[in-house]
Amino acid sequence: MTAASDELRVAALSPEIVLGDVDGNLARIREAITAAARRDARLIVLPELAVSGYVFADRAEAEAAAITRDDSRWDAVREVIPEDAVVVVGYAEIAGAQLFNTAAVLTHEARIADYRKSHLWGAEKLVFDHGTEAGLVVDTSFGRLGVAICYDNEFPEVPRRLALAGADVLALPVNWPLVSRPEGEHAPELIQAMASARSSRLPVVIADRWGSERGVDWTDGTAIIDEQGWIVAFRTVMGATAVLSLAAVREKSLPPHNHLFDDRRGDLY
């Protein structure tokens, strides 16, 4: 791994995803990564279950669209990743008799991690097995990367845990179903992500779906949130891109008297 730098260009991508079309989805994922590489992105995030699609009728249908960690088709994805970049992409992972909603963390040279979603939303409980970790932190070429998936981030303990473990940025693949909200307001999941980012100075790179799948309309909430909790890039055609300051992320002090982590009263809660 190369030394960490102070700035990180990130991209959140949302290519077309077709339920059950694994080979087609992998091809579109490759195209999206290639486009992000032209913009010099070093962290590239794609949606939850981007390889398989999301709205499965049952577990058997999900298993038919699932692949293993060592499936040879991953090689074609890795070959388009730039030498100094990291890609996070969701897929349905088949592991023996188990089936997980998983995010792969890939580089050109290697597969560096797989995170299995631990908080399952709605009918996911009827399809997938629970993961055993509350998010994941891995070392990368640019620093420490936190990974969680969609509903995981609605539990404040998860992004806080990852921040306390030294995460510099959180990659968050999601499939956010569109819900009603007051006119002019952001989606509630996006507001929660903004709050957690501000609480820990932990920027979030969110890759969401657009359009609909089997009657489920997606929020189209692809966004990049900086360490202050502000949206700095949102829902552009080729995906959101921004430059984050890792120096700002790593400075948790609030001069002249406060510190985001040191001020926590663990003895009270």
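**Close-up views of a predicted model**

**View 1. The buried residues of helix H5.** Val158, Pro159, Leu162 and Ala163 are buried in helix H5, residues 157–164. They sit on the same side of H5, because they cover an arc of only 135° around the axis. The arc is that of the directions from the helix axis to the C-beta atoms. Buried means under 20% relative accessible area; exposed means over 50%, and partly exposed lies in between (1.4 Å probe, protein chains only). Helices (H or I, at least four residues) and strands (E, at least two) are DSSP runs, numbered from the N terminus.

This is a predicted model: local features need pLDDT of at least 70, side-chain atom pairs count only at pLDDT 80 or more, and totals for chains, interfaces and linings use all residues. Residues are numbered from 1 along each chain as its sequence is written, and side-chain values use heavy atoms, with hydrogens and water left out.

**View 2. What covers H5.** The cover over the buried residues of H5 includes strands E6 (136–139), E7 (144–147) and E8 (169–173). Helix H6 (188–200) is also part of that cover. Just after H5 comes Gly166, with a positive phi of about 100°.

**View 3. Lys252, a buried charge.** Lys252 lies in the loop between helix H7 (246–250) and strand E15 (253–254). Lys252 is buried yet has no salt bridge. A salt bridge is a side-chain nitrogen of Lys or Arg within 4 Å of a carboxyl oxygen of Asp or Glu. Asp168 is the nearest side chain of opposite charge, 6.7 Å away. Lys and Arg count as positive, Asp and Glu as negative; His and the chain ends are not counted. A polar atom of the Lys252 side chain lies 2.7 Å from the backbone oxygen of Ser200. Lys252 touches Ser200, Arg201, His259, Leu260 and Phe261, leaving aside residues up to four places away in sequence. Contact means heavy atoms within 4.5 Å.

**View 4. Leu49, buried in a loop.** The loop between strand E2 (43–45) and helix H2 (59–64) holds Leu49. Leu49 is buried, and its relative accessible area is 0%. Not counting residues up to four places away in sequence, Leu49 touches Ile17, Tyr54, Phe56, Gly90, Tyr91, Ala92, Asn101 and Phe128. Glu93 is 44 residues from Leu49 in sequence, and 9.3 Å from Leu49 in space, C-alpha to C-alpha.

**View 5. The setting of the close-ups.** The protein chain has seven helices and 16 strands. Buried residues make up 52% of its 269 residues.

Note on methods
Polar contact = N/O pair within 3.5 Å; in protein donor to acceptor, adjacent residues only side chain to side chain.
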